[in-house]
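Here are some notes to read with the structure open beside you. Please follow each point on the model as you go.

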Amino acid sequence: MRWDRFFEDLEDQLASEWEAERAALDTEAERLRLARVGLRERLVAAADREPGGASPSVEFADGTTVNAAITGVGADWVALDPGTRTGAILAPMASLLSIGMPHADLLRSARPASARGSSLAERMTLGFVLRDVARRRLPVTAHLVGGRALTGTIDRAAADHFDIALHEAGAARRAESVSGHRLVPFTALAWLRIESAAAIL
């Protein structure tokens, strides 16, 4: 009888040790998985959040903070909807300083990804999207990393910069209303507000 109890205790102890070892391996596997998760994947997951929740608080390189829902994620940019009539926000991922969101959304964005996002959006660069904005002649306000804001219309977008014709925010891009032109490197762009209800994607 005592031997039966002794063997039961040994079995329980061995089972407990195996469970602890398995939990440790699972924890290490999760750490390794998280080590391979990029910001883009987290943003795509955050874009799939439950409707009606609090919008993330996004801080940009120029010091501006905007509460806006993540509506699209490209290769190197993110599209945001601040919920106002003035249009969408487009920002290079490199200009994001921090993103505040409820803890549950933060944890959900770190979970293993199912098939998230589209492969087309993954390949769309900031230049590609800015060329579409230029083609549609949408008025914009470009907020620069140094704190300045340029209002006007993007005339053209190249591989790593864009040209903007400067004019008043409410004016159409006509030769007589243009007050100047600027060439802006993408690295100088903190965020871009599209002054129109037109959607980016």
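1. Arg137 has a relative accessibility of 39%, so Arg137 counts as partly exposed; the label buried is for under 20% relative accessible area, exposed for over 50%, and partly exposed for what lies in between, with a 1.4 Å probe and protein chains only. This is a predicted model, in which local features need pLDDT of at least 70, side-chain atom pairs count only at pLDDT 80 or more, and totals for chains, interfaces and linings use all residues. Residues are numbered from 1 along each chain as its sequence is written, and side-chain values use heavy atoms, with hydrogens and water left out.

2. Arg137 forms a salt bridge with Asp155, and the closest N and O atoms are 3.3 Å apart. A salt bridge here is a side-chain nitrogen of Lys or Arg within 4 Å of a carboxyl oxygen of Asp or Glu. Because Arg137 lies in the loop between α5 and β7 while Asp155 lies in strand β8, the pair ties together parts that are 18 residues apart in sequence. Helices (H or I, at least four residues) and strands (E, at least two) are DSSP runs, numbered from the N terminus.

3. Is Asp155 buried or exposed? Its relative accessibility is 16%, so Asp155 counts as buried. The side chain of Asp155 also meets that of Arg173 in a salt bridge, at 2.9 Å from N to O. Arg173 sits in the loop between β9 and β10 (180–185) and Asp155 in strand β8, so this pair too ties together parts that are 18 residues apart in sequence. Arg173 has a relative accessible area of 29% and is partly exposed.

4. How many salt bridges does the structure hold? There are five. One of them joins Arg136 to Asp132, with the closest N and O atoms 2.9 Å apart. Arg136 is partly exposed, at 30% relative accessibility.

5. Next, the nonpolar cores. A nonpolar core is a set of buried Ala, Val, Leu, Ile, Met, Phe, Trp, Tyr and Cys residues joined through side-chain atoms within 4.5 Å. The largest has 25 residues, and Leu130, Ile154, Phe162 and Leu192 touch the most other members. At least two residues of this core come from each of β4 (77–81), α5 (126–135), β7 (139–144), β8 (149–157), β9 (161–166) and β11. Helix α5 gives the most, with five residues. Another core, of 17 residues, lies apart from it and includes Val58, Val73, Ala91 and Ala190. In soluble globular proteins, nonpolar side chains tend to be buried together.

6. Which residues does Leu130 contact, leaving aside neighbours within four places in sequence? They are Leu90, Ile154, Ala157, Phe162, Phe186 and Leu192, where contact means heavy atoms within 4.5 Å.

7. Strand β5 (residues 89–92) points Ile89 and Ala91 one way and Leu90 and Pro92 the other way, and all are buried. In a regular strand the side chains alternate between the two faces of the sheet. Four bridges join β5 to β4, and the two run antiparallel; strands pair if DSSP finds at least two bridges between them. Pro92 in β5 stands opposite Trp77. Strand β5 also pairs with β11 in the antiparallel sense, over two bridges, and Leu192 in β11 is the bridge partner of Leu90.

8. An open sheet is formed by three strands in the order β2-β1-β6, with antiparallel pairing. Its edge strands, β2 (65–67) and β6 (96–100), each pair on one side only. Strand β1 (residues 57–60) is joined to β2 by three bridges, and Ser57 stands opposite Asn67 in β2.

9. A search of the whole structure finds two aromatic pairs. Rings of Phe, Tyr and Trp (its six-membered ring) pair if their centres lie within 6.5 Å; planes under 30 degrees apart count as stacked, over 60 as edge-to-face and the rest as tilted. The ring centres of Phe60 and Trp191 are 5.3 Å apart and the planes are at 15°, so this pair is stacked. Phe60 belongs to β1 and Trp191 to β11 (residues 189–194), so the pair ties together parts 131 residues apart in sequence. Both Phe60 and Trp191 are buried.
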